[in-house]
Amino acid sequence: MLTTQNTQQQDSLSPAIDLRKINKSFGPVHANKDVDLIVAKGSIHGIIGENGAGKSTLMSILYGFYEADSGEILVNGKLASITSSKDAIRAGIGMVHQHFMLIENFTVLENVMLGAELSSSLKESKISARAELARLSEEFGLAVDPDAITGDLAVGLQQRVEILKALYRGAEILILDEPTGVLTPQEVKQLFDILNALRARGVSVMLITHKLQEILAITDEVTVMRGGTMVASRETSKTTKQELAELMVGRKVLLEVDKSVAQPKEVLLEADNLTIKDSAGITRLDAVSLKVHAGEILGIAGVSGNGQAELLDVLSGIIPVQEGNIHLNGTTINAKNVLNAKDFRHLSLGHVAEDRHKQGMVTDFSARECAIMGFQDEPEFNGRILMDNKAVTDHCVSLMEEFDVRPANPHLKAANFSGGNQQKLCMAREIERQPKVLLVGQPTRGVDIGAIEFIHQQIVALRDAGNAVLVVSVELEEVMSLCDRIIVMFEGRIVGEMAASDADAQKLGLLMGNAGSDDQASTQGASS
Amino acid sequence: MSNKTLPTWVDVGVLPLINVCLAFIVSGFVILLIGESPLEAVKYIVTGAFGYDEGIGYTLFYTTNFIFTGLAVSIAFHAGLFNIGGEGQAYIGGLGVGLMCLSLDSFMPWWALLPFAIAAGGAFGAAWAFIPAYLQAYRGSHVVITTIMFNFIASALMVYLLVNVLIEPGSMAPQSRSIMEAATLPSMQNLFAAIGIDIANSPLNVSIFLAMICCVLVWLLLWHTRLGYAIRMIGFNENAAVYSGINTRRIIVITMCISGAISALVGINEVMGAQERILLDFVAGAGFTGIAVALMGRNHPVGIVIASLLFGALKQGGAELSFENPDIPNNIVVVIEGLVILFCGALTLMTKPSMEKLFLKFYAKKENANV
């Protein structure tokens, strides 16, 4: 820690990070092509780009997970050889991963010092770590109770622990990979306050995200990556959302969903007091009632893990109804009349799963096999004994054509398609039959901006054809722009409902954190 | 994007071959270590397995058993189930085959009896697999544990039956009476004699054709039927199967029953074909070898045939080896088999990264040359 401070004094003029002509290939895939990047000291630098643009590869090179094929890394003006994360930490680089690297049943203090203990005696290490942690907390305004069990903390606080971990190891340069994915809008604001405090004390921050509004809100400079190259660097104050989006995609994009006012008609799907307990007896869904009308898109907002997944599962027949009723197209489903996912499909319900890799497709299957999931027993795909493999392939080809899935190769393994194309294939499979009711979980998770536009159009088209759509999304902007009516879920309950035209991020955010009460209490508890 | 994957022919062809070669090289060192010549050992094994017609007969006879058990393990594996119970299922299946033969052998010839024997054996084998399958699907008891237990139960049950119930009156050996000549499967020797070719006697019989038919049927089942689609989907991703409206519990039970029924066909080869009676421990480890065969054959019928042939040759050639050179203990073949399993099963992926690198280098060169 002392050495990095010395070097900082020596080269206070040189940039924190200076990447020169970084190249990295994975076989024939050129993930980084002659990438140059300069991050000024004490600044927040945003890096945006679509999936597969090379952001993660570049950060992995900087943090020592990969070694660059060619190019130089200069840290504080000095040539650094970074071949492992140890080297990166020694050079003063810290990283906060998208998925936290914390041990949930350790205390905050134990997590922070893990792997960086000062002595072989645990007691001594704890004493010195506690003092250092207190100093850091005070200096950067990062209040966390060092003796709290990490798993009990709110997600926003766990992220603080990650940041403290990096600072404890002497990080002067902090890389944050998609840090806001799991946070409520209020927690995002707190994070940005922390980042501002870090910047004020000379820490350089690199923020990797695909959310344009965050880039505009917090960064000083922004770099756009596309197809493995740096396509542009801008001063944040001199750019716009539209310009950044176009730079990312390489063409004009529509950021707002283009749709007319909804014309809701009869109720096609109704949930009536649905309650679901998991195998441990914990209530996951608590007396949820809702109606979805023909010709409207109902959005479910909420921080992920508040019952949305269970709601989708029970409404699509993946888990059986335990208490309450579902009325779907005139059929009532309840604990006495249990139907499985196939029966739900026969009642004209389509379901695009929240998580493609866990539910919506089999990544080891070929695209053609994925294209009939849920419809494998339909007569059109079956002969008397054997499956009609040609019909299956033809079906997949026509879906790929209709939804512009690339590459249009039905025999390619599903895992080898990009996220956007996987999602298009899943959407195509469900929408092609024009279901009366469509459930969509996270319509655009891990999907490129170009494909987002297309997917939104398809959902709106289905609505305009007089069908009911229920969308679950953790992206507030998506819920607000795509849906006609919004329901907010918190801890398995519905805590609010409003027309999309009345909604704003502030209102929804308060509801998502249940008026912020629980989160604020835990934050304050930790800081006192 | 992920061009890091190897082409199929490298993955299923070259990699296993390298693994087998590595296993043989290490085996060679082991033989060297006990002071014998590896080259001589290779000579004995190869000539023992393929050098003369009787040897070939024995090799193919063992191969037949391994194809049945290998297919059985692989079909369960496609559903994500590790069926260790092939041994017991084959044993009980053989009991079914034997009982059917013993009760009908005075009434009909072998070709009329065969369908009944297959049905009875299949039913017995399936029933023996059904209980662990049910416990797995509906009670959550792990199929690995329960099938191992059922191997022991099968073994004890057969000892009891052969000693107390099925034993030929007046005999000291715990085995049933012989099945009548006309009701046993024709040996390959007889078959060849009928078309005028004279070959040496061996236990090889028409069951090998049944094994080939089974390979085709399993291939059709897995990749050309709805059931196979469901089986493979459960194996890859059970959540996706539930999402697709598949009754996973039912499919798990059905898959295990099919697996047990295929294992039981060892009984056709052994009881109805070779031994012509029910006797103690006729399965002789074929059920366990089937696990190695399925692993090495990458759970594909073609791979299973090739792997079965390798293990069949090792078994026959190994017996020949210890016969020709008593200084090399019989157990050395078990060591070789173990090494093959180690390299093809546990260490399958050991050579993969370096192969990937090598291949990608080659690929990149070709790419550059094209540009």
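Into which domains is chain A divided? In this predicted model, chain A splits into domain 1, made of 2-92 + 170-248, and domain 2, made of 267-365 + 434-524. Taken over C-alpha atoms, the centres of domain 1 of chain A and domain 2 of chain A are 35 Å apart. Where they meet, 9 residues of domain 1 of chain A and 12 residues of domain 2 of chain A make up the contact.

Let's look at the domain 1 side of that contact. Two elements each give two or more residues to it: helix H7 (185-200) and helix H9 (241-249) of chain A. H7(A) supplies the largest share, with 3 residues. Sorted by class, this side of domain 1 of chain A holds 4 nonpolar, 3 polar and 2 charged residues.

Now follow the chain to a hairpin. Strand S9 (residues 221-226) and strand S10 (residues 229-235) of chain A run antiparallel and pair over 6 bridges. At the turn, 2 residues lie between the strands, and Gly227(A) adopts a positive phi near 55°.

Next comes an open sheet. Six strands of chain A are arranged in the order S16-S17-S18-S13-S19-S20, and their pairing is mixed. Strand S16 (349-352) and strand S20 (493-499) of chain A each have a single partner strand, so they stand at the edges, and one side of each has no neighbour in the sheet. From one strand to the next, the twist averages 15°.

At one end of this order, strand S19 (residues 485-490) of chain A pairs with S20(A) in the antiparallel sense, over 6 bridges. Within that pairing, Arg485(A) has Ala499(A) of S20(A) as its bridge partner.

Which strands does helix H15 of chain A touch as it packs on the sheet? Helix H15 (residues 419-431) of chain A touches S16 and strand S17 (437-441) of chain A, and the direction of the helix makes about 175° with that of S16(A). Helix H18 (residues 505-512) of chain A also packs on the sheet, touching strand S13 (297-301), S19 and S20 of chain A. Relative to S19(A), the direction of H18(A) makes an angle of about 30°.

Notes. Residues are numbered from 1 along each chain as its sequence is written. Chains are lettered from A and ligands numbered from 1 in the order in which they are written. This is a predicted model: local features need pLDDT of at least 70, side-chain atom pairs count only at pLDDT 80 or more; totals for chains, interfaces and linings use all residues. Two strands pair if DSSP finds at least two bridges between them. Helices (H or I, at least four residues) and strands (E, at least two) are DSSP runs, numbered from the N terminus. Axes are lines fitted to C-alpha atoms, for helices over the stretch in contact, and angles run from 0 to 180 degrees between N-to-C directions. Two residues are in contact if their C-beta atoms, placed from the backbone, lie within 7 Å. Domain bounds come from an automatic or database domain assignment. Ala, Val, Leu, Ile, Met, Phe, Trp, Tyr, Cys and Pro count as nonpolar, Asp, Glu, Lys and Arg as charged, and the others, Gly among them, as polar.
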